[in-house]
Each structure stands twice: as structure tokens, then as C-alpha cells.
Amino acid sequence: MKKQITNVCMAVMLGVSAWSTATTVQAASFSTLQPYVTDYKIGFTNGNALVTKPVYDEFTREFQYLIVTKAGKKGILEAKTGKEVTPTTWDSVEIPGGKNIAIVQKGGWFQYLDLSTRKLSTVKFAGAHSYFLSPAHETVIVMGGQTSMVLDSSGKVLIPPFAGKLSVVGLVPQGQTENQDAIPLRYIAAVNGKQLTLYDGVTLKPRFSLAKTELILNEGGPNTAYLKVRSGGKEGLVDVDGKYVLEPKYNALYTWANGYFQVVGPKGVGLWKDGKMLAEPQYSEVGMEFTKPDMYTTAVGDTMTYHSATAGTSTTMKKGAQYLRDGYVLGQDPKTGMYGVIQVGGKTVIPFTYPNVEGPPAARLLVRSDGKKGILPGYGLPMKEPDFWFDQVTTLGSYSMLAIKDGTKIGLYSDSKGLLLPPQENTVIRYDEKLGRVLVTGPDGKTNHYNELGIVGELNTEKVQPLTDRLATSGSLGNGAVIIDRETNQPISKKYQAVYIENNSKQVVGLDAGIADLYTPEGKLLTTDIKVPNGNSGNDAPPLMMIEVAGAFYTIGEKAGSSLGGLALTKLENEQLQPISDFVYRSFASKMVNGKNLLILGRTDGTMDIWAQEGNQVVQKLSSVSGIDSPEGQNNVFIKNNSGWDVYSTDLGRLTTGNYLSLKPHPASNGKQGAIVYQDEKTGLYGFMTVEGKPLTVPKYGVIRPTNEVFPQYWPSEEKRPPFLFTTNQQFGYLDENGQELFTTAFLTKKPAITYRPLNLQGFTSYTDLIRQNPLELIEFDKPYSWPVGGSSEQKFFANLALYLNLPKEAGKKGVLAELVSKGILKADADRAGMNDDDLFALLYFMATGKTSQALNTAQLWEWAQKRGLVIERGGHNYYQTMDLYAEHYQRFFQELTRSLSGKKAVKAKVLSLGNLSFAQQQMLTPMIMVNGKAWNELMLPLPEEEWRKAANGLIAQYNKQVAGLLGAYLAH
């Protein structure tokens with residue numbers, strides 16, 4: 001057998017240069033053929049031999065067959081043997097249901113191929129489609145054209161060939177056309193020159209035949225219970241039993257929602273539904289309301305009549321009437337021209353006595369003859385004539401809240417609740433953006449705050465809420481809160497912006513701008529010498545983090561009154577918050593690994609210290625690491641230091657000493673042990689290790705990847721695939737879970753042809769994408785700005801702002817905000833804890849114009865930012881749960897910085913070199929490389945490192961020659 005395999009390989013390799021001398025290795029037999037790659041062409045192997053030559057460009061697995069593509073043409077192979085079922089001569093191939101029939105196409109003609117007999121249909125068809133017909137016929141194949149037929153995926157002929165056309169039609173049961181969830185039943189309609197025949201979707205027996213009748217397809221139209229047909233040049237409707245429910249005597253019929261049909265006759269249009277002609281075809285227009293199936297309309301001249309199909313009533317108004325909701329229509333009396341509201345099928349709700357209407361968008365307003373206005377009730381409110389009148393209306397924050405003014409009286413209206421406050425004298429109403437509430441100051445001088453559901457409370461009225469058995473909080477909206485002793489009813493704290501109970505430790509938290517105080521449930525202040533930063537943990541986390549380890553709680557703190565800003569890891573113990581580290585940190589996070597909490601403390605230089613449980617204490621286990629990863633399904637941790645990545649236990653014991661360039665886990669499957677693919681630091685090559693860090697192979701592979709990532713084509717679960725594939729400079733092969741080679745063959749036998757796409761702004765989209773996402777990758781500024789990689793994006797954002805403002809990089813958030821206020825860029829605000837969008841836009845306006853935005857109101861500033869392309873569209877609860885506000889600030893700050901420095905010596909294009917090419921730069925360049933005429937990002941597997949370096953160096957040389965022009969074109973654009 002070995003001699004035979006060697007001969008096979010030698011035959012394949014004859015005439016090959018020194019590029020490869022690899023031969024196939026007999027190491028395992030595959031139950032089904034597996035793909036291999038040589039010179040970026042695909043062949044198939046059974047593990048013992050190369051069953052096919054590497055001549056295919058792509059393939060798909062269709063159950064027991066392989067559909068292969070060669071030079072744009074498709075063919076079929078048996079998946080187990082590689083035998084050719086049909087050569088690669090077809091434009092398209094489909095195997096519906098994966099059974100015995102393939103649909104093949106060449107040019108404009110289709111044929112079907114019986115895969116069991118290899119016989120091709122002699123008849124050619126103009127089209128071919130597969131359908132789910134019914135549970136009895138899950139896959140049927142309709143071959144159509146001048147000759148048509150139906151067969152199933154096993155090859156059984158269901159409707160023999162005949163001269164005519166076939167269509168699959170879906171019809172809902174009668175009476176279900178208003179049910180949007182009704183599932184249509186499928187039938188097959190056959191039409192020849194003599195008759196229309198409808199076949200049942202289950203029995204495939206004819207339900208009826210109609211002579212001299214043709215079918216009009218309802219392609220993409222609303223659900224219907226009837227077939228639209230044409231007979232004698234006229235159109236009608238037929239039910240599934242072949243009975244005419246609408247005789248074919250109309251010029252045209254159109255299928256509408258809710259069972260309606262528009263009927264077109266010689267005198268006009270009408271409406272038909274459920275066996276009844278609701279409106280004879282004599283009108284200029286007809287219509288229906290999707291949300292109100294009972295209602296339809298007819299129009300004659302300049303009038304529109306609204307009808308109730310069930311009540312048989314109607315009301316006529318002038319054209320231009322507006323459907324409101326729940327059957328209510330606002331319109332004009334055709335005789336008087338006055339406005340009113342009717343309920344179709346009911347009565348007049350608001351008399352037609354109003355000469356005018358106004359709105360929307362804020363509201364629909366009726367206008368009296370004296371000019372006074374009244375609001376038509378919105379959704380959820382009873383429709384009735386307005387009982388209050390006013391002169392003008394103003395929106396408050398949104399269209400749902402309105403201030404109404406009647407002379408010198410002012411009132412408040414809610415779209416969902418109606419009139420909240422009748423107009424009265426000496427009243428001031430405004431919307432407070434910060435509070436998100438409407439504030440109403442009444443004649444008595446008191447200010448109440450409202451939302452659209454009604455009054456919430458008096459603005460400065462203290463509200464007491466219990467916190468613990470001993471403590472409560474007393475405060476008011478916009479005026480802060482204090483902690484009070486419930487026994488003495490006396491305050492024991494200063495006033496905070498907010499007070500709440502921390503979920504984990506059950507301590508009481510008082511929040512200020514940037515700082516939090518901690519109190520015990522009994523009221524003892526824990527943060528006297530040490531304060532806890534507020535908002536240090538990210539936008540989707542609580543204001544402060546308290547992490548429990550070994551029954552104790554940990555957080556971070558800073559020295560009270562310190563201007564240095566260094567943070568220490570602190571422990572809550574014996575009703576004290578005590579530092580257990582030096583004040584050298586800038587951020588705090590935790591990671592749960594295998595049921596244990598690891599505390600991650602970030603330093604100013606971007607490195608991290610990792611603290612973990614040891615006995616009943618938390619101690620520093622690792623210092624100055626640059627990365628940590630705890631992959632899902634792994635019990636260990638990957639830690640990166642200056643030398644590279646290594647595997648550590650959850651107790652942070654080092655399990656490897658390889659200082660690897662990368663570690664990528666692959667979870668266990670089929671009950672077997674998982675593995676880790678490691679990248680050697682010296683050679684950059686890959687190897688296998690166990691999850692405990694024990695090497696299984698030496699690092700000799702250029703690529704190791706899961707097979708289903710490279711070839712994701714469907715494979716039946718009962719057919720085992722080799723789990724991993726690899727390449728070296730000269731070999732392609734497969735590996736098992738233990739890193740044992742199962743098969744190898746030649747990867748490259750000749751030098752690949754490398755070409756490049758043109759480096760112009762129009763085609764080089766990866767360049768424009770990267771310069772928008774991270775301009776520091778491609779632009780050099782006059783200051784050492786940095787992009788956030790790990791750690792707190794907030795801290796790094798303010799470090800960059802400090803550079804921009806010519807402050808020390810260590811100035812921190814407080815120093816930057818103070819400087820922005822001193823320059824007049826931001827307004828002074830003692831409650832400001834960071835930078836929101838309004839603050840950012842004020843900064844960007846200053847960067848763009850050199851002027852402060854103090855003369856602009858909020859709406860004008862946002863309008864400027866919108867035109868400038870600086871407003872980010874956000875939406876959805878999930879978005880706000882995971883968004884990183886300061887990462888978004890980064891994008892917009894550098895977007896404006898690049899634009900504001902355009903044409904100045906402070907910005908220039910960065911020259912690239914392969915030796916220090918970043919991952920992002922590499923990702924930008926690789927789409928421009930073509931290998932053997934195929935785009936780099938379309939390659940199944942990357943080039944070997946040496947070939948990649950040659951290709952990349954050639955591209956980088958071209959890029960550096962053109963980069964100044966590219967940047968200039970981008971900035972001009």
C-alpha cells in the first residue's frame with residue numbers, strides 16, 4: 001500500500017520545481033472525503049491517497065454529494081468516493097433535499113439529473129424551482145417552460161410533463177384573511193391552452209379544472225383565500241373548489257389586505273370582500289384601512305365616504321379627511337366645509353362646527369371661529385370635543401408634553417394623560433434637560449415637576465425613603481439627598497447628588513461628582529481619609545464596584561484631599577476602609593474565572609497588577625502584566641507580560657514558560673479534551689498544547705485552524721471530520737485533537753502570482769475606514785496622542801485632552817475640566833462628573849472655529865454637530881447597556897482634530913514599514929493584495945510567512961510613495 005501511495009504522489013508531483021517535495025502520508029482513513037489545498041486549488045482525499053487532483057476553486061457539501069466549482073463552472077462528485085457524477089460544465093447546480101435529483105442549468109435552460117442512474121432529462125426547461133408544498137411533500141421540484149412537470153426529491157414524478165405552465169400558490173382558508181398569523185396552504189396550479197387545473201398540496205390530485213381559464217398570480221401580494229383568474233378577457237375569483245365567487249366580468253382585480261379586492265369596471269372602481277360587493281365599480285377611488293378591517297372608503301368628485309362593512313352605515317366628507325384611530329375620522333362636512341370627527345359605523349363624536357384644524361406633529365388642533373384652539377385627544381384617551389381652549393401651544397422636550405397659553409394664562413397638557421394643569425395666571429412652565437422633567441412654578445411660588453403620566457412631586461419637597469433598619473434618605477429632585485438617622489430623624493451626612501444601597505456589600509453609598517462615600521447600615525462613615533471614585537468601572541457598571549473575595553469586600557480609593565489622583569486597592573474590614581496597596585493605580589476591574597474573582601488594577605503606564613485570593617486574604621500575585629484573558633470553557637487564565645503570553649492556573653500559578661506570541665483555546669468536543677494553539681515567540685510558528693500547558697507538538701506550523709472554520713460547508717454529524725488543519729511553507733495537512741498528523745500533502749508547488757489593487761481613495765476603502773476609526777494608525781500629529789487599548793477609555797481620553805490643552809498628560813479629568821471652564825469652552829457646573837455629548841460638542845466647536853459656543857443654545861449646538869457629521873445615532877436598550885461613551889468621544893475628538901489641523905505642519909501621513917506594522921495597518925493593506933488573481937481576504941488559507949513578507953513589502957513600498965496624496969485626498973474629501 002505504501003508503494004502505491006508513493007506512486008500516486010509522484011504522479012501528482014511530476015514536473016514540480018523545488019517549491020515542494022512533500023508527499024501524501026498514510027496516517028488515517030477518513031470516512032468521507034476531505035478537502036485539501038495545493039496552490040490555492042481544492043482537491044479531495046480519503047486520508048490514504050489524493051482521490052482528485054487540486055483543480056477546484058470552491059465546493060459545497062450537499063448531504064452525500066459535493067458540488068464543486070472549476071473556472072466558474074459547477075459539477076457533482078460523490079462525497080464518499082470522489083467519483084464524478086456530472087462534469088464541471090454547468091452554470092448552476094442544486095440538489096433539493098439532498099436526495100436523488102439535481103437541478104442543473106446551462107445558459108437559459110434547466111434540466112434535472114437523476115443521481116442514482118446518472119440520467120439527464122432529455123427535455124430542457126426554461127425554469128426550475130424547489131418548494132415546500134406540505135408535510136406530505138416537503139420538497140417538490142417544479143420544472144417549467146413550454147413544457148412543465150413536478151417531481152419530488154427522490155425522483156418520483158408527481159405531475160407528468162405537459163404543454164403548459166405550473167405555479168405554486170398559497171391560499172388561506174376562507175374567513176382567515178384578516179388573521180395576519182394565518183398560514184397559507186399550498187396548491188399547484190397548472191395552466192395549458194385549454195384549462196386551469198388546481199392540484200391538492202397533500203394528495204396531488206386535481207381539485208377542479210376550469211376550461212378556457214388562465215391564472216393571474218398573486219406574487220408577493222397579501223394573503224387571500226381565492227385564485228384570481230382570467231376568462232374571456234375578463235377577471236374573476238375562484239375558491240379552492242373551483243366555484244366562482246366573483247364572476248369573470250371585470251377589467252381588473254387587485255388583491256388588498258384583510259380580504260379586500262379592488263374591482264375595476266368600465267365605469268370606475270369598487271370593492272369586494274368575502275362574497276359581497278361592498279361598492280359597485282362606479283367610483284373614482286376606493287380604499288381601506290389596514291388597522292381597521294371593518295372600514296372602507298369610496299370617492300366621487302371631491303367627496304369621500306367612509307363605510308362600516310359590518311354596521312352598513314356610512315358618512316360622507318370632503319376629500320382630505322384624516323383617519324385618526326379606533327375608527328375615528330377627522331374631516332369636513334361637504335356642504336358647510338366645517339370640521340368635525342365621526343366614528344365609522346357609529347355617530348358624530350365632535351360636531352362639524354369648526355372652520356379650521358392645525359397640526360400635527362405636536363398635536364391635532366381644532367380651531368374655533370374666534371381663533372381659539374383645542375386639542376384632539378390622543379391614543380388611550382376618550383375621543384370627545386375639547387373642553388379647554390387656548391391661543392398657542394409649545395412643545396416641552398418632546399411632542400408628548402405641551403405648554404398651552406390662553407392670554408396670560410399657561411397650562412400643561414400630556415398626550416397620554418390629557419390636561420394636567422388648566423391654564424392659570426402667574427405660572428411659568430419650562431423643560432429641564434438635566435432633570436428630564438417639565439417644571440411648573442405656580443402662583444404660590446412652588447415648583448412641581450411633571451412627566452407625561454402626571455405630577456411627580458414638588459421640586460424642593462423632601463421625600464423620605466428607608467434604606468436600612470437604621471437609615472433613610474431624604475431628598476428632592478434636583479436638590480440632592482442626605483442620609484438621616486431613623487431613630488432621631490436627624491441628618492448624619494452632607495448633601496449628596498444621590499444615595500443608594502450597594503448590592504453586594506449592602507453599604508450605603510452617597511454619590512457626589514466623581515466621588516462616593518460609604519456608610520455602614522448603621523450610619524458609620526467609612527470614607528474619611530479615603531474616598532471612593534465614582535464612575536470608574538465603565539458605562540454599563542454601577543457607579544462604584546465592591547467585589548467580594550473570601551467573605552470580604554474590596555474596592556479602590558484615593559486619599560482625601562490628594563491632588564495626585566493615585567488609587568489604592570482597599571478592603572472593607574472591621575467597619576473601616578483600609579488601603580492594602582500603594583496609591584499607584586488608575587483603574588479597577590474584576591474577572592470571574594472558574595468561580596474565583598481576580599482583581600485587576602491598572603497602572604498609568606497601561607500595565608496591570610493582578611490580585612487574587614490566598615487563604616483568607618487577597619494578595620498581589622502578578623505585577624506589570626499587559627494582558628489577561630479567560631476564554632470561555634477554560635479553567636485556566638492567559639496572562640501577557642513584556643515577553644509574551646503564558647498559561648496560568650486560577651490561583652495564578654504559571655503553567656508554561658514559553659512567552660508565547662499568542663494563545664488560542666479550542667474547547668473540547670465529543671467528550672474529548674480541549675487544546676490550546678500556541679504561537680512560538682522566536683519563530684512565529686504554531687503548535688499544540690494541552691489545556692494544562694503541556695506541549696503536544698513542536699512549533700512548526702504556519703497555520704493551525706479548526707477545519708470547520710476554513711471549510712464551514714455542511715457535514716452530517718455522524719461523519720467525523722479531522723478537527724484541525726495546518727499548513728507549513730510546503731505542506732497542507734490535518735491534525736487530531738492531540739496534535740497528531742493525520743494527512744499531509746503539498747501546499748505550494750510553484751511561486752504564487754502577486755499583484756496589487758490600485759491605491760486610490762475610491763478603491764482603497766480599508767484606508768478610509770481605518771483613518772476614520774483610528775487616525776493615529778496612519779497620521780502623525782505634533783503631540784504624542786494615544787489610542788485607548790485596554791484600561792479605562794475615560795482616563796486615556798482626558799490624557800489626550802490634556803495634551804491638546806498643553807497641560808501635563810497626568811493632569812487628569814479634574815485638571816482638564818477646570819481648564820476647559822477657565823477658557824470658557826465649558827460652562828461652570830459644580831455637578832459635572834465628566835463630559836457628556838453637549839460638553840464634547842462645545843469642545844469640538846472650539847476646535848473647529850477657535851470660538852466658544854456660549855452664544856449658541858443646546859439645539860443650535862447640536863444642529864452644528866449634526867451638519868459636521870459628529871452626532872452618533874444611538875438606539876435601543878441593549879446599545880446603552882454596552883456602549884463606551886469615551887470610546888465614542890475618542891472617535892469624534894480625533895475626527896475633528898484631523899480636520900482642524902488639515903493643511904498645517906501639525907499633521908502628516910505616517911510612513912509604514914513591515915518591521916513595525918500594526919495589526920490594524922496589516923488588516924488595511926491585505927485586501928489590496930491579489931494572489932493568483934484572487935483577493936487576499938478571499939483566500940482559504942494565508943500565504944506562508946516568507947511569501948507574505950515579499951507581498952507586503954512590495955505593497956508597502958507602493959503605499960509609501962502615494963501616502964501623502966492619499967491623505968491629502970482624504971482630507972479634501
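Of the chain's 973 residues, 48% count as buried, meaning under 20% relative accessible area with a 1.4 Å probe and protein chains only. This is a predicted model: local features need pLDDT of at least 70, side-chain atom pairs count only at pLDDT 80 or more, and totals for chains, interfaces and linings use all residues. Residues are numbered from 1 along each chain as its sequence is written, and side-chain values use heavy atoms, leaving out hydrogens and water.

Start with the overall shape. The C-alpha trace spans about 95 × 95 × 60 Å along its principal axes.

Next, the secondary structure. The chain has 11 helices and 76 strands. These are DSSP runs numbered from the N terminus: helices are H or I with at least four residues, strands are E with at least two. Contacts mean heavy atoms within 4.5 Å. Of those with a separation of 6 or more, 38% join residues 24 or more positions apart.

Now zoom in on helix 9, residues 885–900, which holds Thr898. Is Thr898 buried or exposed? Thr898 is buried, because its relative accessible area is 6%. Not counting residues up to four places away in sequence, Thr898 touches Pro775, Ile779, Phe781 and Leu971.

Definitions and conventions: Buried < 20%, exposed > 50% of the residue type's maximum accessible area, 1.4 Å probe, protein only.
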